[in-house]
Amino acid sequence: MMISKRRGLTAASALAAVVLAVTSCGSGGGADSGAPASSGPVTIRVQTFGGGANFGYKNAIAKWNAEHKDIQIKEEHLTDQFEQQYWPQMIQWLTSGTGAGDVVGIDEGGMGLAKAHPEWWADLKEYGLESRKADFPAWKWENGVAPDGKLFGLGTDIGGMSLCYRKDLFEQAGLPGDRDEVSALWPTWDDFMKVGRQFQSKVKDTKWTDGTNTLYQVVLYQEAAKNGNVTYFDQQNNLILDKNPAVRTAFDFAQKMSQQGMTAKLRNFSDEWAAGTQRGAFATVGCPSWMLGTVSGNAGDAGSGKWDVASVPGGGGNWGGSWLAVPAQSKHPKEAAMVADYLTQAQTQASVFADFGNMPSNTKAQQDPAVQGAKNEYFNDAPIGEIFAKSAADLQPVFLGVNHTQVKNAVEAVIQGMDDGSVPYDQAWQQLVDDAAKAAD
């Protein structure tokens, strides 16, 4: 099965969507607030985030709406930026009791806080969805269960890990373009940097990678798996950033990449980053499965066939993955639960992967031959089903604390500042530690 290409929203238009959503939703939450039940079909607002195809629901929603005239789904893609825009706004809506959609997406970084506030959510057990437990890995299911036992979230995708690269630019630099040969070039991150220096000596107008933050995240999650599957917080939500070797290893790698001039100094998920993808400002980028849609959306039609997918240095890893939840403020929780159920079913998740590349968390979907055999036309028919199905089977979940999002924002601001010159290299680590502590408080 082939994966189609698609174009993503810019951050500017996404921010405009947030403003529009705030003004249109401020008077009350739920679907079509204030509309009489007899006035027509119930509209369930599904709020999502992310670049490229984001949650990949376009075709699945069209199918539902064609078959369910009494319940219509309206997707509101609010922004590309989860930590900086979507989650802070969603917290405001959830705490005020008004403004949130009927079904909302939550990135892994927000799940610690979401679990700590069961009062924000409808209990999906009331609508029979506890029967879905067998559809998910235990860790994915349990992360959607609050300490009081309330089932509030159902898993959507998982990240997995690969590395996307510009096949045409590799060949221009005298490097192999074939994905298996490329993967063999970099069993370790030191090898990755060695190849990058070779590349930059041949291709003068393109940097080896996009910026510090993307590969920092890739290395952080790899190293977390070697250090108790934690990053900034331990399992008791104590800040351990300055004591965790995983964080320091990822920081040191990012600093070395920046100091050696191997980055395009672009902050991931920014307008400049999207434009840099399109103009060929960098040759490689860390690619969990959902990033494929972001890369192809940013690069556009002109990039089709120029990008390919190889194994990531250092082995596997996972970055990302989300859940769907029904806010307690929804005026149509039963219908919203039906929609959340539909969007997380195996058939839907398999179709989302086939259409857009988001790797299913539903284990039945993972085993679907259409998923395992999927190829991505945009990325030179890369066998993404084979690539990400293996990483899904080996995935080790990383614990993210209640305040993970705030700390992640603080850390990445320093990592980016180190790259753009606003944070001196010799002061960066201490500033990262200090800013993370402030953010955690």
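Author: A residue is called buried when its relative accessible area is under 20%, exposed when that area is over 50%, and partly exposed in between, with a 1.4 Å probe and protein chains only. This is a predicted model, in which local features need pLDDT of at least 70 and side-chain atom pairs count only at pLDDT 80 or more, whereas totals for chains, interfaces and linings use all residues. Residues are numbered from 1 along each chain as its sequence is written, and side-chain values use heavy atoms, with hydrogens and water left out.

Helices (H or I, at least four residues) and strands (E, at least two) are DSSP runs numbered from the N terminus. In strand 6 (residues 162–166), 5 of the 5 residues are buried, so this strand is largely enclosed by the rest of the structure. In a regular strand the side chains alternate between the two faces of the sheet. Here S162, C164 and R166 point one way, while L163 and Y165 point the other way, and all are buried.

Two strands count as paired if DSSP finds at least two bridges between them. Strand 6 is joined by 4 bridges to strand 8 (residues 282–287), the two running antiparallel, and C164 stands opposite V285 in strand 8. Strand 6 is also joined by 4 bridges to strand 9 (residues 307–310), again antiparallel, and there R166 stands opposite W307.

A pocket, on a 1 Å grid over the protein atoms alone, is an open set of points where a 1.4 Å probe fits, with protein on both sides within 12 Å along at least five of seven lines, and lining residues have an atom within 4 Å of a point. The largest pocket has a volume of about 570 Å³, a volume being the space filled by probe spheres set on the points, which are joined across faces, edges and corners. Its lining has 26 residues, of which M161, G315, G316, I387 and S391 lie nearest the centre, and helix 17 gives the most, with 4 residues.

The second largest pocket holds about 440 Å³ of space. It is lined by 25 residues, with W139, N143, V398, F399 and L400 nearest its centre.
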